[in-house]
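The stops below are meant to be selected one after another.

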Amino acid sequence: IQAATTGIKDADAVSHLSVYPNPVKGEMNVSFTTTANQAVELNLYALDGKLVKQLGAEKNVTLFNSTFNLADVRCGIYLLQIKTGNKLSCRKIVVE
């Protein structure tokens, strides 16, 4: 019997992703790079999958660096979804 590795390695949509501060109090900074000039969308989702806030979209991005105001978002745990092309990256965000 030979051992075989099975599974799928998820490829992140971005590299060098930095989200801070986390937990968030008011403003959140997000920075990352992409592998090629691509359209980028950022959205904030509740853990039940509901869209809480559309954070933005940009075209032709290789280096992204932006600050988002989350003062209007209720305290809780959320997922930051970053979409580039057909790839997704998600990070857990705590809003205080």
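In the hairpin of strand 2 and strand 3, which residue takes a positive phi near 95 degrees? Select Gly49: this is the residue with that phi, in a hairpin that has four residues between the strands. Strands here are DSSP runs of E, at least two residues each, numbered from the N terminus.

This is a predicted model, in which local features need pLDDT of at least 70 and side-chain atom pairs count only at pLDDT 80 or more, while totals for chains, interfaces and linings use all residues. Residues are numbered from 1 along each chain as its sequence is written, and side-chain values use heavy atoms, with hydrogens and water left out.

Next, select strand 3 (residues 51–69), which runs antiparallel to strand 2 and is joined to it by 14 bridges. Strands pair if DSSP finds at least two bridges between them. Within this pairing, Phe68 in strand 3 stands opposite Met28.

Now select residues 76–84, which form strand 4; seven bridges join this strand to strand 2, again antiparallel. Lys83 in strand 4 is the bridge partner of Glu41.

Move to strand 1 (residues 15–20), antiparallel to strand 2 over four bridges. Ser18 has Ser31 in strand 2 as its bridge partner. In the hairpin of these two strands, Gly26 takes a positive phi near 100 degrees.

Finish at Asn29, in strand 2 (residues 27–46). Asn29 counts as buried because its relative accessibility is 19%, and buried means under 20% relative accessible area (1.4 Å probe, protein chains only). Show the side chains of Asn29 and Thr67: a polar contact of 2.6 Å joins them. A polar contact is a pair of N or O atoms within 3.5 Å; within protein, one must be able to donate a hydrogen and the other to accept it, and residues adjacent in sequence count only if both atoms are side-chain atoms.

Note on methods. Buried means under 20% relative accessible area, exposed over 50%, partly exposed in between (1.4 Å probe, protein chains only).
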